[in-house]
Amino acid sequence: MRKISFINMKGGVGKTTLSTNVAHCLATRENKKVLVVDIDPQFNATQCFFSGDKYFNYLKAKGKTILDLFIEGPINISTVDGVTETKNFEYSDITPVEILENLFVLPGNLNLYQIEISAGSGKENRLKRYLDVINKIYHFDYVIIDTPPTPSIWMVSALLASDYYIIPVKPDPLSYTGIDLLQNIISRKKKDLDLSIKCIGIVLTIVEEATIVFNKCQETIGKKKQLKDLLYKKYLKKRTDIAKFQLNQQFILDQPKDDVKLCLTGIVQEMIKRIDDDEAKQ
Ligand SMILES: Nc1ncnc2c1ncn2[C@@H]1O[C@H](COP(=O)(O)OP(=O)(O)OP(=O)(O)O)[C@@H](O)[C@H]1O
Ligand SMILES: [Mg+2]
């Protein structure tokens with residue numbers, strides 16, 4: 001099971017669009033068994049998989065969401081690492097939804113905004129523990145985690161649960177100049193939390209080719225070796241249809257435009273190769 005978070009603390013850079021389409025491509029083209037975890041309270045990834053009616057009926061039928069992982073419970077237990085955790089459920093009760101063959105989703109929930117969790121309560125470890133338990137039942141090849149744009153307990157949970165992270169970057173100056181800051185924040189978290197998560201690349205999204213800003217972005221990243229080595233060869237072009245059909249639960253591979261499909265499959269193949277290479281080094 002390879003667990004990958006899509007992270008950027010800048011909003012609207014294409015995290016959700018890229019992560020949901022990568023997950024869909026892994027399941028439908030690469031024949032991998034994939035779980036998408038939507039840990040963003042905005043639950044946009046969930047909206048890419050569920051129509052409004054379907055999601056409403058799912059909640060009405062008491063379907064499980066990410067919220068079930070974090071809500072309070074009556075029994076206090078102590079774990080080996082000394083963290084006290086409350087428990088009123090079995091992780092295995094939180095069943096993900098099968099959207100398509102090989103593609104499962106643990107839906108998000110707007111009510112994540114309502115609950116308050118203090119750092120150090122141990123709850124930030126729950127996603128990690130959940131994935132270990134659920135994987136014994138489902139045997140996923142990939143877990144794709146869509147994260148919120150703000151530093152929060154949800155972001156920390158994703159970092160704790162992941163082996164790798166990808167940084168989707170929109171080629172505008174405010175986005176690409178923030179990559180260093182993001183890398184610094186994550187490396188500080190890695191030290192504080194003793195994490196082994198690795199960056200598996202930077203993917204440019206919402207790209208308008210042959211524009212000054214895009215050229216400048218490639219030039220700026222190209223000048224910094226540590227960023228240049230992380231930059232994927234393929235990028236996701238800006239196409240109105242991607243956004244237009246997103247909330248009809250349509251993915252890039254469902255649409256007729258071959259050039260964008262090639263961008264996506266190229267990104268997915270590069271991601272798999274980078275992880276294969278990293279695992280081979282270990
Ligand atoms: N390749 C693309 N072409 C056209 N529109 C896109 C593309 N990628 C994303 N968008 C649109 O840009 C907007 C932001 O994308 P998205 O929601 O994926 O970003 P995000 O980083 O997840 O945002 P947030 O930080 O709020 O979670 C959305 O309206 C989405 O439909
Ligand atoms: Mg998003």
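**View 1. Pairing of Leu35 with Phe104 in the predicted model.** Leu35 has Phe104 of strand β6 as its bridge partner, in a structure that is a predicted model. The two strands concerned, β2 (residues 34-38) and β6, run parallel and are joined by four bridges.

View 2. Strand β5 (residues 97-100) is antiparallel to β6, with three bridges between them.

**View 3. Side-chain directions along β6.** Side chains in a regular strand alternate between the two faces of the sheet. In β6 (residues 103-106), Leu103 and Val105 point one way, while Phe104 and Leu106 point the other way. Are these four residues buried or exposed? All are buried.

**View 4. Helix α8 and the residue that follows.** Helix α8 comprises 15 residues, 179-193. Asp194 follows α8 and has a positive phi, near 55 degrees.

**View 5. The shell around ligand 1.** Of the 19 residues around ligand 1, those that come nearest are Gly11, Thr16, Thr17, Pro149 and Ala243. Helices α1 (15-28) and α11 (240-246) each contribute at least two residues to the shell. By class, the shell comprises nine polar, six nonpolar and four charged residues.

Conventions. Residues numbered from 1 in each chain as written. Chains lettered and ligands numbered in written order. Predicted model: local features only at pLDDT ≥ 70, side-chain atom pairs only at ≥ 80, totals over all residues. Near = placed C-beta within 6 Å. Nonpolar A, V, L, I, M, F, W, Y, C, P; charged D, E, K, R; others polar. Expected span 1.5 Å × (residues − 1). Buried ≥ 20, exposed ≤ 12 C-beta atoms within 10 Å, placed from the backbone. Pairing = 2+ DSSP bridges.
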